[in-house]
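Here's a quick briefing on how two chains meet, plus a few side chains worth a look. Have the structure open as you read.

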Number of protein chains: 2
Amino acid sequence: MTQANSFTRFDTFAKTWIPEIEGYMRKRVNQSRPVVDGMYAMMRYHLGWEDQQGLPEHAPQGKRVRPLVVLMACFAAGGDPRQAIPAAAAVELLHNFSLIHDDIEDQSPTRRHRPTLYSCVGEAQAINAGDAMFSLAHTVLQGLSESGVPDARVLAARQVFDLTCLRLTEGQYLDMSFETQTSVSLDTYMTMIAGKTAALLAASAQLGALVADSHSLQAFWRFGHELGLSFQVQDDILGTWGDEAVTGKSSASDILTRKKTLPVLFALSQTGPEAEALQSLYNRQAQITHDDLAAILASMERLGAREHAEAAAEHHGRAALQALEETDSRHDGVALLSQLTTMLLGRNA
Amino acid sequence: MTQANSFTRFDTFAKTWIPEIEGYMRKRVNQSRPVVDGMYAMMRYHLGWEDQQGLPEHAPQGKRVRPLVVLMACFAAGGDPRQAIPAAAAVELLHNFSLIHDDIEDQSPTRRHRPTLYSCVGEAQAINAGDAMFSLAHTVLQGLSESGVPDARVLAARQVFDLTCLRLTEGQYLDMSFETQTSVSLDTYMTMIAGKTAALLAASAQLGALVADSHSLQAFWRFGHELGLSFQVQDDILGTWGDEAVTGKSSASDILTRKKTLPVLFALSQTGPEAEALQSLYNRQAQITHDDLAAILASMERLGAREHAEAAAEHHGRAALQALEETDSRHDGVALLSQLTTMLLGRNA
């Protein structure tokens with residue numbers, strides 16, 4: 001199959017199914033009694049469906065990567081994507097719950113060019129709205145029963161989902177704890193992103209395959225896990241060397257905020273005078289100036305940080321594709337997931 | 001059966017089962033990898049098992065009312081309480097998750113005479129630790145499968161649990177939204193406490209009965225629901241007229257913080273000069289002084305607020321006992337739950 005062909009198929013799949021996922025999510029987020037509708041209105045605002053006054057809006061939304069992975073994995077494993085829609089919607093709601101709380105935890109004023117939920121309604125109501133979306137994600141997953149998935153498999157899906165929630169919070173715990181640690185090992189960093197980023201993508205692939213009653217659940221999980229690791233490392237590279245005009249974030253934003261990303265941790269973990277100079281520059285209390293920034297980036301390059309991160313992103317991307325080959329899947333389904341992998345890892349924003 | 005006999009039974013039941021519930025919770029909260037143990041340490045601190053340094057502590061804990069209701073309902077419905085332990089532990093963890101987030105939302109510095117979790121670790125880590133305990137509650141509930149409950153009933157239990165989470169957040173949403181509203185109807189107040197307080201007690205009774213495969217699930221649910229309403233109104237009465245020496249809270253604390261409780265809302269909803277004077281006193285911006293307080297309390301009494309609240313607490317308490325009579329239960333199980341009801345509603349702290 002040619003690249004172009006494969007992209008067309010991917011595009012058609014996404015165009016067909018994203019509205020279905022969206023429709024299912026809307027139906028479930030709107031199921032409320034008037035007296036508590038204000039709580040659901042907060043969710044609708046966060047999801048980009050309404051503005052702060054509750055009027056319909058079509059704000060920029062996420063790429064819906066996770067729910068697409070659910071449906072593509074279900075299709076690849078020989079299932080009917082329609083049956084997996086409740087799992088896709090649940091995964092997307094879970095992702096969005098985590099964004100609502102992350103924004104409070106990071107004190108981020110904007111997301112997708114709009115004020116974050118907590119900036120609009122205050123922290124107290126936003127914490128609770130996040131909890132509500134977390135709860136709703138669980139009830140939405142139960143929709144698998146209504147779409148005809150047998151009890152034992154619904155229970156298995158719920159266990160995958162629960163464990164993923166725990167891994168997500170563990171990853172978030174580590175990420176926040178890095179802020180107050182002067183030294184973080186590369187191993188601990190990988191554990192952090194395995195929780196914070198890869199756990200939900202791994203669960204997405206596994207859930208789709210589970211709905212299809214696949215025998216390759218572990219391989220699907222590994223596909224999502226490796227894709228997630230690769231995706232996060234790529235994100236780290238863009239946060240350091242990305243083009244401001246394309247990413248929409250100020251260039252080297254991760255360096256300016258002293259985020260402990262893979263390239264930074266790799267550079268800091270080296271020995272010798274170059275690494276020591278970088279360590280003292282990075283661990284100083286003072287703000288990082290424009291001149292510092294240029295020196296830090298040059299030093300990181302010389303220490304091989306960019307090369308290491310690019311090799312890691314590629315390694316995990318290849319491992320994702322390898323895991324995909326090990327699944328017992330239909331050829332056109334594998335092509336869709338490969339295309340998704342190539343797109344995510346080749347992205348520059 | 002005499003009162004004394006019934007109390008002895010209650011006491012024996014609680015003494016037998018609370019350590020079992022506690023043991024199950026400890027086992028599940030301690031199941032962590034060293035790298036993320038710090039997150040579980042936050043949960044152990046909140047639960048009163050460890051101090052801020054992570055050293056063992058036996059801090060005052062809650063009354064464990066909810067998990068006891070789970071086990072007593074299971075016993076009353078003819079089941080083996082042991083089989084319901086995962087549900088009891090899940091309900092207690094869910095309750096504690098909500099306390100962690102409530103303390104942040106209310107900015108409460110202390111709980112049970114210790115600094116609240118967020119006061120120790122900051123809001124960001126505490127929000128996430130709450131999310132982790134919420135996630136853990138779900139995985140713990142799944143333990144019902146290991147204790148031999150069939151898949152269909154585990155799924156039913158999970159649905160009860162999920163819906164309860166949503167009702168809890170709806171109640172919390174309403175409670176917080178009352179702070180910025182000048183007028184709240186008694187109906188809306190009842191909807192708020194049905195979510196914030198009664199939903200989890202209703203779920204506790206229903207879950208216990210569900211594990212025992214009872215045919216009286218609705219009546220058990222109603223028992224917990226009415227018990228919860230009665231419990232909350234009793235709490236409102238204590239927050240207004242309770243004895244400081246017994247409750248441990250400053251007397252009339254709910255009035256001083258202008259909380260919208262049933263007695264206050266009842267008094268404010270009356271008509272005539274007495275009610276109007278109270279409305280203007282209560283809705284003023286200025287702080288409530290000691291002199292105001294005496295006037296407010298006297299005015300509330302004259303408007304029948306105390307009488308109304310006491311009648312409401314009694315009404316819902318009786319409705320709880322009535323629902324209990326409608327369950328298909330063993331006599332000694334009903335006696336336990338009646339005793340619990342009598343104790344909770346006769347309490348003065």
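**The A–B interface and some aromatic pairs**

In this model, 45 residues of chain A are in contact with 45 residues of chain B, contact being heavy atoms within 4.5 Å. It's a predicted model, so local features need pLDDT of at least 70 and side-chain atom pairs count only at pLDDT 80 or more, while totals for chains, interfaces and linings use all residues. Residues are numbered from 1 along each chain as its sequence is written, chains are lettered from A and ligands numbered from 1 in the order in which they are written, and side-chain values use heavy atoms, with hydrogens and water left out.

**Interface**

- About 3900 Å² is buried between chain A and chain B, with carbon and sulfur atoms giving 65% of that; buried area is the accessible area (1.4 Å probe) that two parts lose on being put together, summed over both.
- On the chain A side, A:L155, A:L166 and A:Y173 lose the most area to chain B, together 15% of what that side buries.
- There are four salt bridges between the two chains (a side-chain nitrogen of Lys or Arg within 4 Å of a carboxyl oxygen of Asp or Glu).
- B:E170 forms a salt bridge with A:R33, and their closest N and O atoms are 2.5 Å apart.
- Helices (DSSP runs of H or I, at least four residues, numbered from the N terminus) that give two or more residues to chain A's side are α2 (37–46), α4 (85–106), α6 (123–141), α8 (151–178) and α9 (186–211).
- The largest share of that side, 18 residues, comes from α8(A).

**A buried glutamate**

- B:E92 sits in helix α4 (residues 85–106) of chain B.
- At 2% relative accessibility, B:E92 counts as buried (under 20% relative accessible area; exposed is over 50%, partly exposed in between, with a 1.4 Å probe and protein chains only).
- Leaving aside neighbours within four places in sequence, B:E92 is in contact with B:M25, B:R64 and B:P67.

**Aromatic pairs**

- Seven aromatic pairs turn up over all chains; rings of Phe, Tyr and Trp (its six-membered ring) pair if their centres lie within 6.5 Å, and planes under 30 degrees apart count as stacked, over 60 as edge-to-face and the rest as tilted.
- The rings of A:F13 and A:W17 are 6.2 Å apart at their centres with planes at 45 degrees, so this pair is tilted.
- Both A:F13 and A:W17 lie in helix α1 (residues 3–29) of chain A, four residues apart, about one turn of the helix.
- A:F13 is buried at 9% relative accessible area, and A:W17 is buried at 11%.
- One aromatic cluster is formed by A:F97, A:F134, B:F97 and B:F134.
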